[in-house]
Amino acid sequence: MYEPIRTKSVHRMADDDRNQNAYPHRSREEELDIQLAGHLAALLAVTDELGDTEAGELIARQVARLRGAPPARHAGLSGSSAEALHRKAHALAGRALVVAASRADTAAAILAAERMDAHTAALAGESLVASP
């Protein structure tokens, strides 16, 4: 009634050993490092645009530690208002804080929390205080 299959299947099982070695895999820690470095690099760009060089240097050190190379510094301006930049920086610092906490990176978590506080203060009208 049915004709037998005469050719090899084009489909592979998910646990097939050939598929496991077909492309490189990263560990969870490596993925979190990449995410954290990305969030901090974005925060660095906004911080540079705001002109906060001291905080920028602290963030750049963390990005360099995670990536193993110094980050590219922000060269262009977005033309956004200071308030919009502070809101964006606050959101980016929050994302960095979540990832840093999940990978148990105390130094990056403290830096991100300090940056969140600084941008909250700036949005409230207080002067932007760089973290120590």
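Hi everyone. A crossing of two helices is called left-handed if the near helix is turned anticlockwise from the far one by less than a right angle, and right-handed if clockwise. Keep that in mind for later.

What we have here is a predicted model, where local features need pLDDT of at least 70, side-chain atom pairs count only at pLDDT 80 or more, and totals for chains, interfaces and linings use all residues. Residues are numbered from 1 along each chain as its sequence is written, and side-chain values use heavy atoms, leaving out hydrogens and water.

So, what is in the chain? There are 5 helices and 0 strands; helices are DSSP runs of H or I with at least four residues, strands are E runs of at least two, and numbering starts at the N terminus.

Let's look at a pair. Helix α4 (residues 82–102) packs with helix α5 (residues 106–123) at about 155°, their axes 8 Å apart. Axes are lines fitted to C-alpha atoms, for helices over the stretch in contact, and angles run from 0 to 180 degrees between N-to-C directions. Over 145 degrees counts as roughly antiparallel, and α4 and α5 are therefore roughly antiparallel to each other. And here is our opening term: α4 passes α5 in a left-handed crossing. Contact means heavy atoms within 4.5 Å, and the residues making this one include Ala-89, Ala-93 and Leu-97 of α4 and Ala-109, Ala-112 and Met-116 of α5.

Now helix α2, residues 28–50. Among its buried residues are Leu-36, Leu-40 and Leu-44, where buried means under 20% relative accessible area with a 1.4 Å probe, protein chains only. Their cover includes α3, α4 and α5. After α2 comes Gly-51, with a positive phi near 85°.

Key. Parallel < 35°, antiparallel > 145°, perpendicular 65-115°, else oblique. Expected span 1.5 Å × (residues − 1). Buried < 20%, exposed > 50% of the residue type's maximum accessible area, 1.4 Å probe, protein only.
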